[in-house]
Amino acid sequence: MEIILAVLIGFMYAAGIYLILRRSLVKLIVGLIILGNAVNLLLFLLGGITKGQPPVIGDAEKLLAGVYADPLPQALILTAIVISFGLQAFAMVLLQREYIQGGVEDLDNLKEEDEEK
Amino acid sequence: MLTAIVVCFTTALIFAFAGKYLGQMGTYLISLLPAGLFLYFLSLQSELVSSGEILLNYSWIESLGIDLSFRLDGMAQIFALLICGIGFLVYIYAAEYLKNHRHIDRFYGYLTVFMGSMLGLVLSNNLITLFIFWELTSITSFFLIGFNHRDLLARKAALTALTLTGGGGLIMLVGFIMMGQVAGTYTISEILQSGDVFADSIYLGLIILALLVGCFTKSAQFPFHFWLPDAMRAPTPISTYLHSATMVKAGVYLLARFSPLFDGELYWNEALLLFGGITMLYGAINSIFKTDLKAILAYTTISALGIMVLMIGIGSSTAILALLLFIVVHALYKAGLFLLTGALDHLTGTREITRLSGLRTKSGILFVAGILAAVSSAGIIPALGYHGKHLIYAAAMETDLLSFLILSLIVAANLFIICAGFLVGIKPFTGRPNSGNAPLHPTSLLLWAPPLLLGVLGMVAGIFPSYLEAHLLIPAQTGITSVESTAHLHLWSGFDPVFWMSFFTVLGGVGLYLLFRPSHRYSNQLKSLEKISSRYLLEQIIRGTKNFFYFITHLLQNGYLRYYTAVILTFLIFLIGLRMNLGFVSDHQMSFPVDFTFNEIATVAIMVISIFLAVFTSSRIVAVASLGGVGMCICLLFVYYSAPDLAMTQFTIDTLTVVLFVLLLKKLPTYLTKVDTGLNWRDLVISCTFGAMISVIAMEILLTGSVVEGISSYYAENAYQLAKGKNVVNVILVDFRGVDTLIEITVLAVAGLGVFSLIRLHMSVDS
């Protein structure tokens, strides 16, 4: 299954980057979101995947023993998901502002703004 | 000695700020500084003579062998006295010359920094500190040449000078570092005693080359000479001080300083003879074809510097003695001529030799100063210049290598130098008064006294030469070559061959002066030769460099965001590919997985379809919906692989993202319909390659990488026992790594603030 996931992640990277390289403002946002998801998934995969053993200590036990999913990558990814949301939200609003203010929908036209002002 | 230098820099700093308020009084006050320093160095004279050298050492950067180490020996003493002595005259002269100038405070600030650096340069006993002072003189020179900063040509000249002298200095630094590595120390006095270490080193050739480039640029040797005539755009006191009497001699100083080490090695002597000779002749011939007094003097200075380098190239005891004497002689008469030029400029408002004549009645006292300087320049008995010429001829006759050729070249150059000296010192005063001149300004004491004083000094020292020789020249000469020179200074040494040579040179020079009429015609003709000069070459190189980087900058920094991303990614691909090319750790023997369930495969399939939709759909709402699909599938994957917390977070966040996107969608532009197939293919290749690389790396890590044991198990064991929580992930986030989470929340809060303010922002429309 890991190989399938690795290929999937590569595919997500490719899709995200391809969209970021487009000229359209909206595609940039979509690409950013896909890329963010891909990174999280990559981290998750590399941390090692385990089926059906969540890192939760049983009611009667005092420590996690036996086979269990690694809690550390999960903690990291949880942080990463939240942060990438912050980034995406900010990017979306910022680009929308840019569109409303400057009427720019083509990223290539953003270039000229500096020089005119 | 450190005190002397520090005093210069602090005074400069104080004057730069307080100079405005001190006014004219301040300029007189600051002139006391070089006078005081002159007396200070004089007071060290007796100690110097008895002990041979005075050493001072302050540790600075010990680990790199860089010390504030100073050494006053005979040669440094000569330079220090010249720097302070002529410095004093220039200071008081400039007080009158630049009276009421707006930026007089700056002027004295730069000048004092320069004086401090120059003193530091000749006193340094450490290569690196010497280099620092060396470059400081280049930088102050830049500011002083461009002092009249509204003058385009002055700015250009300043830049040329800085490019050449500063660049040469940098090349020299390379040589210094190699020297330090070879000798194992940066202390100059120790390097000079390291003997054969250099002769055996394979770096010897490079060291000599770097040293020569540094010194030749500083001392305006051919083909780096052209910055010096340009530098005459500076106010005359600056030209006197920096570009004639002191700074340009720094290269000569350094060559002389290291000549004991390199004399007789490889091409050292030959290079010095060759370039010194060319410079000497080139400067001399050019000088008399100029019509601007300062340009004439600039070229004779170049010529004189050539003679000095030539003397170091000969390298015998007599030659070194001749060099040291000539440094003093030249400083005295050339400074005198320059100051005279400034005074004439002040008097008549022009420096054009064709417009100056018959001034003897108007300013007799300047005429006296002019005659004295011209006589010394020509080497007519009994001026000090006579002794200088005498020793130079004697040294040239002693050489066994090309003696006749060198001698005849020196004689030829001297003919022109004598003529040029007369042109500046005497020509403006003779002949009929020029009626076309502007009304004359009266010359004040401070303008005529310094050149006159220099002239008288040269005459007095010439009449009693043994005093100068015993106290300054011999200690300095024996410091460089261990053998004391057999030649000595006598006011009258009989009718020996040297005398006759001197005599006929003077005769020839005066004859040339009487026959030659300066005119614009010659200088214009010379200009047409500039196409093949080194200046033209340098300008072409600079222009070429500028255009090249203009092109590169526009290529790389073109302002297109996508382009930047593409370049960064391509470079990354290249880098990762390079590493992958080295091979993989794992053996790629991975059996096709069969451990998956239908649910997993279905989830992945949905994801792939959603991503395809998100990429290629032309409807924005479909793209957003697909995004939601992708997010939910990831959420499912988290559930499959034992990460309930991640699944919950992903679910929440993904929902939020989609909701936000849809809310904003109304005010976002529709998809662009522009299609550029070529670009699409390029981007497709880039992104697919990058994605494939990520896949390969991920597999490589999965096959070989091992998670470091210990960290996770620590959390697993202690989550309940220490933190009383059963959900380990939660415990890590809120307890073990609580501060991290706090910072994360802060980041999110900042992003939230940003989003909020962007939404609420009602930007006033820019006019």
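Helices here are DSSP runs of at least four residues, numbered from the N terminus. The model on screen is predicted.

**Chain A**

Start by selecting chain A. Four helices and zero strands make up its elements, and from the N terminus on they run α-α-α-α. A compact globule of 117 residues would have a radius of gyration near 13 Å, whereas chain A has 20 Å. Of the 117 residues in chain A, 52% count as buried. Among contacts in chain A with a separation of 6 or more, 51% come from residues 24 or more positions apart.

**Where chain A touches chain B**

Show chain B as well and select the contacts between the two. On one side are 78 residues of chain A, and on the other 84 residues of chain B. The elements giving two or more residues to chain A's side are helix H1 (2-20), helix H2 (25-46), helix H3 (71-102) and helix H4 (110-116) of chain A. Which helix gives the most to this side? H3(A) does, with 24 residues. Colour the side of chain A that touches chain B by residue type, and it divides into 54 nonpolar, 14 polar and 10 charged residues.

**Domains of chain B**

Now hide chain A and colour chain B by domain. Domain 1 covers 267-518, domain 2 covers 569-716 and domain 3 covers 717-767. The C-alpha centres of domain 1 and domain 3 of chain B lie 81 Å apart.

**Helix H19 of chain B**

Select residues 445-463 of chain B, which form helix H19. At 1.5 Å a residue, its 19 residues should span 27 Å, and the end C-alpha atoms are 26 Å apart, which agrees. Show side chains for the buried residues of H19(B), including B:Leu447, B:Trp448, B:Pro450, B:Leu454 and B:Gly458. The buried residues of H19(B) pack against helix H3 (74-97), helix H15 (317-348), helix H16 (364-378), helix H17 (384-398) and helix H20 (465-480) of chain B.

**The nonpolar cores**

The largest nonpolar core has 194 residues, and those with the most contacts inside it are B:Met308, B:Met311, B:Leu323 and B:Leu324. H15(B) gives the most to this core, with 22 residues. Centre the view on B:Met308: leaving out residues up to four places away in sequence, it touches B:Val252, B:Leu323, B:Phe326 and B:Ile327. Another core, of 79 residues, lies apart from the largest one; among its members are A:Ala6, B:Met607, B:Ala623 and B:Phe638.

**Two loops with backbone details**

The peptide bond from B:Phe222 to B:Pro223 is cis, with omega near 5°. B:Ala220 is in the loop between H9 and H10 of chain B too. Phi of B:Ala220 is near 50°, a positive value in a residue other than glycine. Is B:Ala220 buried or exposed? A residue is buried if 20 or more other C-beta atoms lie within 10 Å of its own; B:Ala220 has 27 within 10 Å, so it is buried.

End at B:Ser642, in the loop between helix H26 (620-640) and helix H27 (644-665) of chain B. Phi of B:Ser642 is near 60°, a positive value in a residue other than glycine. B:Ser642 counts as buried because it has 22 C-beta neighbours inside 10 Å.

Notes:
Residues are numbered from 1 along each chain as its sequence is written. Chains are lettered from A and ligands numbered from 1 in the order in which they are written. This is a predicted model: local features need pLDDT of at least 70, side-chain atom pairs count only at pLDDT 80 or more; totals for chains, interfaces and linings use all residues. A residue is buried if 20 or more other C-beta atoms lie within 10 Å of its own, exposed if 12 or fewer, and partly exposed in between; C-beta atoms are placed from the backbone. Domain bounds come from an automatic or database domain assignment. Two residues are in contact if their C-beta atoms, placed from the backbone, lie within 7 Å. Ala, Val, Leu, Ile, Met, Phe, Trp, Tyr, Cys and Pro count as nonpolar, Asp, Glu, Lys and Arg as charged, and the others, Gly among them, as polar. The expected span of a helix is 1.5 Å times one less than its number of residues. The radius of gyration is taken over C-alpha atoms; the globule rule is 2.2 Å times the number of residues to the power 0.38. A nonpolar core is a set of buried Ala, Val, Leu, Ile, Met, Phe, Trp, Tyr and Cys residues joined through C-beta atoms within 7 Å.
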